[in-house]
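Here is a short report on one protein chain. It starts with the whole chain and then turns to single residues.

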Amino acid sequence: MGGTEHLTVQREGATLVLTLNRPEARNALSLPMLVGLYDGWLEADADDSVRSVVFTGAGGSFCSGMDLKALAGNGMAGEEYRDRLKADPDLHWKAMLRHHRPRKPVIAAVEGYCVAGGTEMLQGTDIRVAAESATFGLFEVKRGLFPIGGSTVRLQRQIPRTHALEMLLTGRPYSAREAAAIGLVGHVVPDGTALDTALEIAERINACGPLAVEAVKASVYETAEMTESDGLAAELTRGWPVFDTADAKEGARAFVEKRPPLYKRA
């Protein structure tokens, strides 16, 4: 199991938990964090015993975005990881889920700050849980920057365009309740319980047929920008093979025998 000094990796049953671990900087992005995060996504993809991923932050914050001190010329921690970026110049975008989509469901558990790059990474997750006092926002324009992590493309596809543009153009903070009202997050829970709620959702996913779960997720994203007729055709291509799997046969047997299905774990 991987990880770096700024990214911890843990297993909770069939769930891989990736935790941004730089609480003294509100989990601002660093080279060790990005390298560890990308390795975590790859680990989840490669390990068939992993059914879901929970993505969270340590110390009461999710992520406060780019390390602005480093951007201003004060250096960034983890220079020993620079060779990884040289070998794969796209690594940071893959880590931030801009250029990589994990095949397993990803549930975000947000406490505290989830702003700038934090909100951008959030848009690459599938299910989102926010603590009551969590804060969201894309602050880049206030600092003369551009939210280049994908927000000018993704946000308008995930929430109504009027809300996307207000968030992008004003750079103002949003409360968890506001984020839920516009559809950016799906759950608002008491402070300190976002991770527990995310793990509960993950367990419900883990109890389902893993091949079906992966195929359903792939179909949703694959068909998002298709016409309805093209999307329905693509859905059949994705969906029909699932009916011929051992998972499907086990699900049917479990239904007839009135018992929980026992899907095989690798």
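## Surface and charge

Accessible areas here come from the Shrake-Rupley method with a 1.4 Å probe. On that basis the protein chain exposes about 13000 Å². Carbon and sulfur atoms supply 57% of that area. The model is a predicted one.

The charge count is 30 positive and 35 negative side chains. The centres of these two sets lie 1 Å apart.

## Overall fold

The protein chain holds 12 helices and nine strands. Its radius of gyration is 19 Å, close to the 18 Å that the globule rule gives for 266 residues, so the chain is as compact as a globular protein of that length. The C-alpha trace spans about 60 × 40 × 40 Å along its principal axes.

Of the 266 residues, 49% are buried. Take the contacts between residues at least 6 apart in sequence: 69% of them join residues at least 24 apart.

## Two residues with positive phi

Asn 27 has a phi near 60 degrees, a positive value in a residue other than glycine. Its place is the loop between β2 (15-20) and α1 (31-46). Is Asn 27 buried or exposed? The cut-off for buried is under 20% relative accessible area. Asn 27 has a relative accessible area of 0%, so it is buried.

Leu 97 is not a glycine either, yet its phi is positive, at about 70 degrees. This residue sits in the loop between α4 (91-95) and β4 (106-110). With a relative accessible area of 1%, Leu 97 is buried.

Thr 15 belongs to strand β2. Its relative accessibility is 1%, so Thr 15 counts as buried.

Which side chains make polar contacts with the side chain of Thr 15? One is the side chain of Ser 52, at 2.9 Å. Another is the side chain of Asn 206, at 2.9 Å.

Leaving aside residues up to four places away in sequence, Thr 15 touches Gln 10, Ser 52, Val 53, Val 54, Leu 199, Ala 202, Glu 203 and Asn 206.

## Summary

Asn 27 and Leu 97 lie in loops, whereas Thr 15 is in a strand.

Key
Residues numbered from 1 in each chain as written. Predicted model: local features only at pLDDT ≥ 70, side-chain atom pairs only at ≥ 80, totals over all residues. Heavy atoms only, no water. Helix = DSSP H or I, 4+ residues; strand = E, 2+ residues; numbered from the N terminus. Rg over C-alpha atoms; globule rule 2.2 N^0.38 Å. Buried < 20%, exposed > 50% of the residue type's maximum accessible area, 1.4 Å probe, protein only. Contact = heavy atoms within 4.5 Å. Lys, Arg positive; Asp, Glu negative; His and termini not counted. Charge placed at Lys NZ, Arg CZ, Asp CG, Glu CD. Polar contact = N/O pair within 3.5 Å; in protein donor to acceptor, adjacent residues only side chain to side chain.
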